[in-house]
Amino acid sequence: MHNPPPTKITVLISGNGSNLQALIDASTTTMPHARIAHEKYDADLAKLAIADSPDLVVCVGWMHILAPSFLDPLSAEEIPIINLHPRFLGYTMVEVDRGTSIIVREIPCKKEETLDELEERIHAQEHQLIVEGTAIAIIKL
């Protein structure tokens, strides 16, 4: 492969972001000419969120880890952010698991159920938890 010029890439994603992560990883190893501008994306997203003048930002199904370029401006404006974040087997990520949990519910796995059945039960709990957690956050404003 020849040495291509530095290339700024805008990536539009949906899903859980694994393909975006593959591109980000490649931009530091096998594709060093590619620059992924997620910091600018987060900064622009922060401007849009602040322009909406929210009392609270709720991340629902948001599979993008928000960078400081999003978090810091909202913090400066004293706009709290909550996120519905399922955590399996106690695994945590420093980039995601900041702040205090508003509400926690353990959902046990049932030996006889399929993955689809477990996922359905998790989603049913998430639907309740996001409403309860948002209500709690609103009360604390």
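This is a predicted model: local features need pLDDT of at least 70, side-chain atom pairs count only at pLDDT 80 or more; totals for chains, interfaces and linings use all residues.
**Exercise 1.** Find out how D44 and K40 are paired and where both residues lie.

*Solution.* Start with the side chains: D44 and K40 meet in a salt bridge, with N to O at 2.8 Å. A salt bridge needs that nitrogen within 4 Å of the carboxyl oxygen, so the pair qualifies. Finally, check the surface: D44 is partly exposed at 31% relative accessibility, and K40 is partly exposed at 47%.

**Exercise 2.** Which residue forms a salt bridge with R105, and which parts of the chain does the pair link?

*Solution.* The partner is E132, and the closest N and O atoms are 3.4 Å apart. This pair links distant parts of the chain: R105 belongs to the loop between β4 (81–83) and α4, while E132 belongs to helix α4, 27 residues apart. Now look at accessibility: R105 has a relative accessible area of 33% and is partly exposed; E132, at 31%, is partly exposed too.

**Exercise 3.** Is E113, which meets R121 in a salt bridge, buried or exposed?

*Solution.* First, note the contact: the side chains of E113 and R121 come together at 2.8 Å, N to O. Then use the cut-off: buried means under 20% relative accessible area, so E113, at 16%, counts as buried.

How values were computed: Residues are numbered from 1 along each chain as its sequence is written. Side-chain values use heavy atoms; hydrogens and water are left out. Helices (H or I, at least four residues) and strands (E, at least two) are DSSP runs, numbered from the N terminus. Buried means under 20% relative accessible area, exposed over 50%, partly exposed in between (1.4 Å probe, protein chains only).
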